[in-house]
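I opened a new page for this structure.

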Amino acid sequence: MDQVTGFAAAPKSIAFLLWQLTGIKHEVSDEDGIRGRVELWKDEGSGEITPEWMAH
């Protein structure tokens, strides 16, 4: 990663990423009704999304 000197993303990609992260923050179910992507962000002990992740 030390060789990476820049990063560019298409506006469409940024919009998709923002949509995904907003869904995680608000615990929105996936298309099939499962919250798999949300559960991956939760702390195993408390079952909550950690405040540090939410701050980002």
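**Entry 1: Ile-14.** I began with Ile-14, which is partly exposed at a relative accessible area of 46%. The model is a predicted one, and I noted that before going on. Why is Ile-14 called partly exposed? Exposed needs over 50% and buried needs under 20%, so the 46% of Ile-14 falls in between. I placed Ile-14 in helix 1. I then looked at Glu-31, which is 17 residues from Ile-14 in sequence. Their C-alpha atoms are 20 Å apart in space.

**Entry 2: Leu-21.** Leu-21 also turned up in helix 1. I checked Leu-21 against Lys-42, 21 residues away along the chain. I got a C-alpha separation of 13 Å for that pair.

**Entry 3: Met-54.** Next I went to helix 3, where Met-54 lies. Its relative accessible area is 38%, so I wrote down Met-54 as partly exposed. Which residues does Met-54 touch, leaving aside neighbours within four places in sequence? I found Lys-25 and Ile-49 in contact with Met-54. I also looked up Ile-24, which sits 30 residues from Met-54 in sequence. In space, the two C-alpha atoms are 9.5 Å apart.

**Entry 4: the largest pocket.** I turned to empty space. Rolling a probe the size of a water molecule over the atoms shows where such space is left. How much space lies in the largest pocket? I noted about 230 Å³. I then read off the lining. It includes Leu-18, Leu-21, Thr-22, Ile-24 and Lys-25. Trp-41, Ile-49, Trp-53, Met-54 and His-56 belong to the lining too.

Helix 1 spans 11-25 and helix 3 spans 51-55, and each supplies at least two lining residues. By kind, I recorded seven nonpolar residues, two polar and one charged in the lining.

**Entry 5: the chain as a whole.** I stepped back last. How many helices and strands does the chain have? I noted three helices and zero strands. Along the sequence the pattern reads α-α-α.

I compared the chain with a compact globule of 56 residues. Such a globule would have a radius of gyration near 10 Å, while this chain has 14 Å. I boxed the C-alpha atoms along the principal axes and wrote down roughly 40 × 25 × 15 Å.

I checked burial next. Of the 56 residues, 16% count as buried. The chain exposes about 5000 Å², and carbon and sulfur atoms supply 60% of that area.

Contacts came last. I took those between residues at least 6 apart in sequence, and 7% of them join residues at least 24 apart.

How values were computed
Residues are numbered from 1 along each chain as its sequence is written. This is a predicted model: local features need pLDDT of at least 70, side-chain atom pairs count only at pLDDT 80 or more; totals for chains, interfaces and linings use all residues. Side-chain values use heavy atoms; hydrogens and water are left out. On a 1 Å grid over the protein atoms alone, a cavity is a set of points where a 1.4 Å probe fits but cannot get out, and a pocket is an open set with protein on both sides within 12 Å along at least five of seven lines; lining residues have an atom within 4 Å of a point. Grid points are joined across faces, edges and corners, and a volume is the space filled by probe spheres set on the points. Helices (H or I, at least four residues) and strands (E, at least two) are DSSP runs, numbered from the N terminus. Ala, Val, Leu, Ile, Met, Phe, Trp, Tyr, Cys and Pro count as nonpolar, Asp, Glu, Lys and Arg as charged, and the others, Gly among them, as polar. The radius of gyration is taken over C-alpha atoms; the globule rule is 2.2 Å times the number of residues to the power 0.38. Buried means under 20% relative accessible area, exposed over 50%, partly exposed in between (1.4 Å probe, protein chains only). Contact means heavy atoms within 4.5 Å. Accessible areas come from the Shrake-Rupley method with a 1.4 Å probe; for residues, only the protein chains shown count as cover.
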